[in-house]
Each structure stands twice: as structure tokens, then as C-alpha cells.
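Please find below my notes on how the two parts of this protein meet. They are written as numbered points, to be read beside the structure.

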Amino acid sequence: MTDWSKLSDAHGTAEGVPALLERFEADPAGVWSELIDRLCPQLDTAFSASFAALPRLAEIAAGREPAERHWVLFAAGPIVSSARRSAEGAAARETYSSAIADLARLTGACLRLPLDREDYVGLLQTALAFEGVEVWDECLDNLAQGEYEVECPYCGVNLFIVLGDDGFFACSDDYALRDVEKTPLRPADPSELAGLARRLHDQALADGQPVVARRLSYLFGHTSCTDCGTGFPVADRVLAQAMPTR
Ligand SMILES: [Zn+2]
């Protein structure tokens, strides 16, 4: 049995976590914020009690139909992503690997449902969290709103990468303004995508999400800087932004 009094969460001792998980099981949507506040504040910090909660979260997710499960997965995903930020978290990924594998399987079943774009991209990101895919497990969901911020690899200017209802372009100014200079994004040819990019694109198509698949082809495509003209692969700059040491 887990001795919760020896574990900690964002508030200190984790003695209250089992009761919180009980309430979360009864009402995931209503209790999600409170749970995240204690177990994964800012969606990027996890504690010993957060990891210890993973088997219970997998159990709660398994107890719900796929269509009723996403709040539970949206709680577990950030905890698993945050695990890489500490040695304790890295060890926890091993300790709780079977719960994480269950969460991955339970997420997979949700992706095939008819979902709105935001939920679909959120769940796809969550699936990457359980697989251990860095960076995209925390920022793939920008695809739903259709905006990333990156730095030009040459001149360092901040660029908005816009892939959405307003078009597909890069610009260094607020693109809501008129007369802003924009450079087009050039999508990757899906048949030439490889690795994770190919898998995500093909999965979105197979899951009946052609808009997401199209945005992915632009995310894994190219553009150039509005200020200095340097061309670059968009996804590489998103990765560089998230992992500045690269
Ligand atoms: Zn530049």
C-alpha cells in the first residue's frame, strides 16, 4: 500500500491525495483543476505523490468509456511528461511503467472517436507523453490554435508561425494587424515525411482528422524569416525553442 503521508505534492504532505482522487473519479471535469494544482502545477512540475497517483489514474480512466475519459488522461499526461525533469521522475517512469502502458492503450482507444480538433490534438499530445516523446508531448497542442513562436536561426528575431484558419505563414509582427509582412509556409510532401512526423500525419488521417493532418504537413515543412530571408525547417525551430541547448 502507498503510504501517502511520506509523499509530497505541491501543497506539502500528500495525505489528502487519496480523497482528492476519489472526488476526481466521481467528477473528472469538475475536479481536474484542483487535481492539477496539487499534482502538476503549471502542467510542468510533478511530485512524488503525482507519480504514485498514476496507477490510480489509469484505473479511473479504465473505468470510464473512451468518450468520458479525456479529463483523466489530461491529468496523467502532464505528470508523465514532467517526470523527465527530475531523477525521481525518471525512476518513477520505470516504477510505474505498467500504469503508463495502460494509459497509452486507453488513450489510443480515444483517438478514433469523433472528436473536436482541440480534444483530438490534446489526446494525440497525451499519447506522446505516455510514449516518452519529448517536446511534442508538451507543445503539439499549439496545433489546435494554430500558432507557434520560434526564433530565426540566423538573426534571432521572434517569429510567429501561423498554421490555421488565418492561413499558413511566418511573420515577426502581430499578424492581426494589416500590412504585416508575411512569408508563406511550404508544407512537406506527406509521402516524404519520415519518423514521428510521418506517423502523426498518417494517424491524423486514419483517425478522420484531415485538418490536423494538413497542419502537421506545414509544421513539418519549411519557411523563411521575414527579416533576413533565411530558410529553415519549422519543426526544428520549435524543438530548438523548447530545448535551447540543442
Ligand atoms: Zn532572420
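1. The protein is divided into domain 1 (4–139) and domain 2 (144–242), with bounds that come from an automatic or database domain assignment. This is a predicted model, in which local features need pLDDT of at least 70 and side-chain atom pairs count only at pLDDT 80 or more, while totals for chains, interfaces and linings use all residues. Residues are numbered from 1 along each chain as its sequence is written, and side-chain values use heavy atoms, leaving out hydrogens and water.

2. The C-alpha centres of domain 1 and domain 2 are 28 Å apart. To the contact between them (heavy atoms within 4.5 Å), domain 1 gives 14 residues and domain 2 gives 20 residues.

3. Together, domain 1 and domain 2 bury about 1,500 Å², with 65% of it on carbon and sulfur atoms; buried area is the accessible area (1.4 Å probe) that two parts lose on being put together, summed over both. Of the area that domain 1 buries against domain 2, 46% is supplied by Arg-117, Tyr-120 and Trp-136, more than by any other three residues.

4. Across this interface of domain 1 and domain 2 the rule finds 2 salt bridges, each being a side-chain nitrogen of Lys or Arg within 4 Å of a carboxyl oxygen of Asp or Glu. Elsewhere in my notes I had marked the side chains of Glu-131 and Arg-199, which meet in a salt bridge (2.7 Å, N to O).
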